[in-house]
Amino acid sequence: MLESVENKIKKTISNHKRGKMFFPIDFAKIGSSSAIRQALNRLEKEQFILRLAHGIYLYPKKHAKLGVLFPPLDEVASAIAKRDKARIIPTGILALNKLGWSTQVPTKVVYYTDGSERTVKISYGEIKFKKASPKLLAIKNAQLLLIIQALRELGEEKLSIKIQANINELISGISKESLQHDLKLAPQWIRKIILDLNAEA
């Protein structure tokens, strides 16, 4: 007797740790797109998986007191980018949060991407992907790119001594050649701040 598509998908998911996200394309070798969609719908009804958004499923990790532990929006965005083989660049409050310059955790996050534009809404937040400019995508160092995005959100007038020290620490590990290349692509006021801090180091 042939094993059903549903059971094959269930076994595949069970081989991973709880908290992992899945997309229908992950099961492409198991059956037709229609059969996969129906199987995922049934597994969702059984509460074996949870649907975070259209075409995004979670193998839920549960806490005795807190219930289902949902992945941060950043993890969801990274999973979508990996599926789409796209690059994503954090913006705004998320960039500040990732650098530790802000403790605020946004419920709406925006990324620049070389993939397709879209908005993904889930029960606990929203992820927006916007087209990135060629100049932004040309920046090679991920750490410096994050600093640039965070400074754009922060603004020159809110640049504390603590943040300046942190920038110095972060750019100390970037080669001179990489720094020179990438800073040419940054806004002028940000370029000046980083070059001045680097000169003082």
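R37 lies in helix 2, where helices are DSSP runs of H or I of at least four residues and strands are runs of E of at least two, both numbered from the N terminus. With a relative accessible area of 48%, R37 is partly exposed; buried means under 20%, exposed over 50%, and partly exposed in between, with a 1.4 Å probe and protein chains only. R37 and E6 are 31 residues apart along the chain, and their C-alpha atoms are separated by 9.6 Å. The model is predicted, so local features need pLDDT of at least 70 and side-chain atom pairs count only at pLDDT 80 or more, while totals for chains, interfaces and linings use all residues. Residues are numbered from 1 along each chain as its sequence is written, and side-chain values use heavy atoms, leaving out hydrogens and water.

Helix 2 covers residues 33-45 and also holds L40. L40 counts as buried, at 1% relative accessibility. Leaving aside residues up to four places away in sequence, L40 touches I9, P24, F27, I49 and Y57, a contact being heavy atoms within 4.5 Å.

In strand 3, Y57 is the bridge partner of R51. Strand 3 (residues 56-58) runs antiparallel to strand 2, and three bridges join the two; strands pair if DSSP finds at least two bridges between them. Three strands form this open sheet, in the order 1-3-2 and with antiparallel pairing. Strand 1 (21-22) and strand 2 (50-53) stand at the edges with a single partner strand each, so one side of each has no neighbour in the sheet. Strands of a sheet pair through backbone hydrogen bonds, either parallel or antiparallel.

Between helix 2 and strand 2 runs a loop that contains Q47. Phi of Q47 is near 65°, a positive value in a residue other than glycine. Q47 is exposed, with a relative accessible area of 57%.

Pockets and cavities are found on a 1 Å grid over the protein atoms alone: a cavity is a set of points where a 1.4 Å probe fits but cannot get out, a pocket is an open set with protein on both sides within 12 Å along at least five of seven lines, and lining residues have an atom within 4 Å of a point. Grid points are joined across faces, edges and corners, and a volume is the space filled by probe spheres set on the points. Helix 2 gives the most to this lining, with five residues. By class, the lining has four nonpolar, four polar and two charged residues; Ala, Val, Leu, Ile, Met, Phe, Trp, Tyr, Cys and Pro count as nonpolar, Asp, Glu, Lys and Arg as charged, and the others, Gly among them, as polar.

The largest pocket holds about 300 Å³ of space. Its lining consists of G19, K20, M21, F23, I25, D26, E75, S78, A79, K82 and R83. Helix 3 supplies the largest share, five residues. Four residues of the lining are nonpolar, two polar and five charged.

Helix 3 (residues 73-84) also gives the most to the lining of the largest cavity, with three residues. A search of the whole structure finds one cavity of 30 Å³ or more, and the volume of the largest cavity is about 50 Å³. The residues that line the largest cavity are I80, A81, D84, A86, I88, T113, G115, S116, R118 and F129. They divide into five nonpolar, three polar and two charged.

K85 is found in the loop between helix 3 and strand 6 (88-90). K85 is not a glycine, yet has a positive phi of about 55°. At a relative accessible area of 76%, K85 is exposed.

Strand 8 (residues 118-122) and strand 9 (residues 125-131) pair in the antiparallel sense over five bridges. A hairpin joins strand 8 to strand 9 through two residues. T119 has K128, in strand 9, as its bridge partner.

Further along is helix 8 (residues 176-183), whose buried residues are L179, D182 and L183. Seen down the axis of helix 8, these residues fall within an arc of 95°, so they line one face of the helix; the arc is that of the directions from the helix axis to the C-beta atoms. An α-helix has 3.6 residues a turn, so residues three or four places apart point the same way.
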